[in-house]
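Trainee: Let's go through this one together, please. Start with the ground rules.

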Amino acid sequence: MKYVKIILAVVVFLVMSIWTTILYRDAIILWWIVPSVTLAVGAATGLHMWRPWRFITGSDNMWLNLACHAVFTAAFLSFIFFGVNNMLADRSKLHTEKAVVTAHYKQEHDRTRRVRRGRYIPTGEKYYTYSLEIMLRNGEAKTISVPLSRYNNVRNGDSVSVPVCKGLLGVTVLQVDSIKYPAKKKKARRRIPMRRMTN
């Protein structure tokens with residue numbers, strides 16, 4: 001029964017974390033602000049609310065239960081923040097703004113493979129992820145993930161059309177999947193001069 005409660009708590013935590021990540025993708029705010037605030041709230045309230053966690057962890061260790069409370073509370077409050085801000089945004093004021101591409105980012109990652117439950121080892125293979133940084137007219141910037149083809153086609157200084165609106169809690173919300181990028185640039189075909197044949 002103890003492990004069932006722990007597994008259930010972990011599943012709820014993962015679901016909230018995944019949804020928070022998805023919602024953050026459309027919000028323009030520095031990634032560390034919301035987790036820092038919510039983690040601080042979790043740690044502060046955990047000083048008085050760590051005891052109920054003994055029912056889940058099966059341990060009387062104060063620091064273990066306080067840590068569980070702080071992390072779970074941070075995930076819950078972050079999910080609530082982005083959910084309320086994004087889902088309750090005033091869509092009637094959704095409009096399109098021109099944003100400028102200001103930077104390109106290419107990140108290298110190591111591929112891994114599973115050798116047994118909970119253990120992964122690197123395969124030695126590399127793969128890359130690509131992203132662009134765009135800046136709105138008011139100076140707000142957002143880094144968005146893009147495929148390699150988009151990464152290669154867009155240049156710094158290009159303009160993109162971004163649907164945006166203000167979230168309920170004041171954080172700007174954009175629709176990443178609806179961003180319109182400049183048309184693919186076609187390379188000019190080089191003309192080869194014709195030579196006159198002589199007898």
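Mentor: One term before the helices. A crossing is called left-handed if the near helix is turned anticlockwise from the far one by less than a right angle, and right-handed if clockwise. Helices (H or I, at least four residues) and strands (E, at least two) are DSSP runs, numbered from the N terminus. This is a predicted model: local features need pLDDT of at least 70, side-chain atom pairs count only at pLDDT 80 or more, and totals for chains, interfaces and linings use all residues. Residues are numbered from 1 along each chain as its sequence is written, and side-chain values use heavy atoms, with hydrogens and water left out.

Trainee: OK. Which hand does the crossing of helix 1 and helix 4 have?

Mentor: Left-handed. Helix 1 contributes Ala9, Val12, Phe13, Met16, Ser17, Trp19, Thr20, Leu23 and Tyr24 to the contact (heavy atoms within 4.5 Å). Among the helix 4 partners are Val71, Phe72, Ala75, Phe76 and Phe79.

Trainee: What numbers describe packed helices in general?

Mentor: The angle between their axes and the distance between the axes. Axes are lines fitted to C-alpha atoms, for helices over the stretch in contact, and angles run from 0 to 180 degrees between N-to-C directions. For helix 1 and helix 4, the angle is about 35° and the axes are 9 Å apart.

Trainee: How many residues does helix 1 have?

Mentor: Helix 1 has 23. Its first and last C-alpha atoms are 33 Å apart, close to the expected 33 Å at 1.5 Å a residue. The expected span is 1.5 Å times one less than the number of residues.

Trainee: And what span should helix 4 have?

Mentor: Its 26 residues should span 38 Å at 1.5 Å a residue. The end C-alpha atoms are 37 Å apart, which agrees.

Trainee: Which residues of helix 1 are buried?

Mentor: Lys5, Ala9, Met16, Thr20 and Leu23. Buried means under 20% relative accessible area, exposed over 50%, partly exposed in between (1.4 Å probe, protein chains only). The buried residues of helix 1 pack against helix 3 and helix 4.

Trainee: What do the buried residues of helix 4 pack against?

Mentor: Helix 1, helix 2, helix 3 and strand 5. The buried set of helix 4 includes Asn65, His69, Thr73, Ser78, Asn85 and Asn86.

Trainee: New topic. What happens at the start of helix 4?

Mentor: A side-chain oxygen of Asn61 comes to within 2.9 Å of the backbone nitrogen of Trp63. The backbone nitrogen of Asn61 lies 3.0 Å from a polar side-chain atom of Ser59. Ser59 sits in the loop between helix 3 (54-57) and helix 4 (62-87). Beyond its neighbours within four places in sequence, Ser59 is in contact with Arg54, Leu64 and Asn65.

Trainee: Now charges. How many salt bridges are there?

Mentor: The count is 4. A salt bridge here is a side-chain nitrogen of Lys or Arg within 4 Å of a carboxyl oxygen of Asp or Glu. One of them joins Arg25 and Asp177, at 2.5 Å from N to O. Arg25 is in the loop between helix 1 (2-24) and helix 2 (33-49), and Asp177 is in the segment after strand 5 (172-174), 152 residues apart.

Trainee: Is Asp177 buried or exposed?

Mentor: Exposed, at 66% relative accessibility. Arg25 is partly exposed, at 37%.

Trainee: Which residues form a network of salt bridges?

Mentor: Glu108, Asp110 and Lys126. Lys126 meets Glu108 at 3.6 Å, N to O. Lys126 lies in strand 2 (residues 119-135) and Glu108 in strand 1 (residues 95-116), so the pair ties together parts 18 residues apart in sequence. Lys126 also bridges to Asp110, with the closest N and O atoms 2.4 Å apart. That pair spans strand 2 and strand 1, 16 residues apart. Lys126 is partly exposed at 43%, Glu108 at 48% and Asp110 at 45%.

Trainee: Last one. Where does Lys166 lie?

Mentor: In strand 4 (residues 159-166). Lys166 is partly exposed, at 47%. Its side chain makes a polar contact of 3.1 Å with that of Thr172. A polar contact is a pair of N or O atoms within 3.5 Å; within protein, one must be able to donate a hydrogen and the other to accept it, and residues adjacent in sequence count only if both atoms are side-chain atoms. Leaving aside neighbours within four places in sequence, Lys166 contacts Ala89, Asp90, Glu140, Val171 and Thr172.
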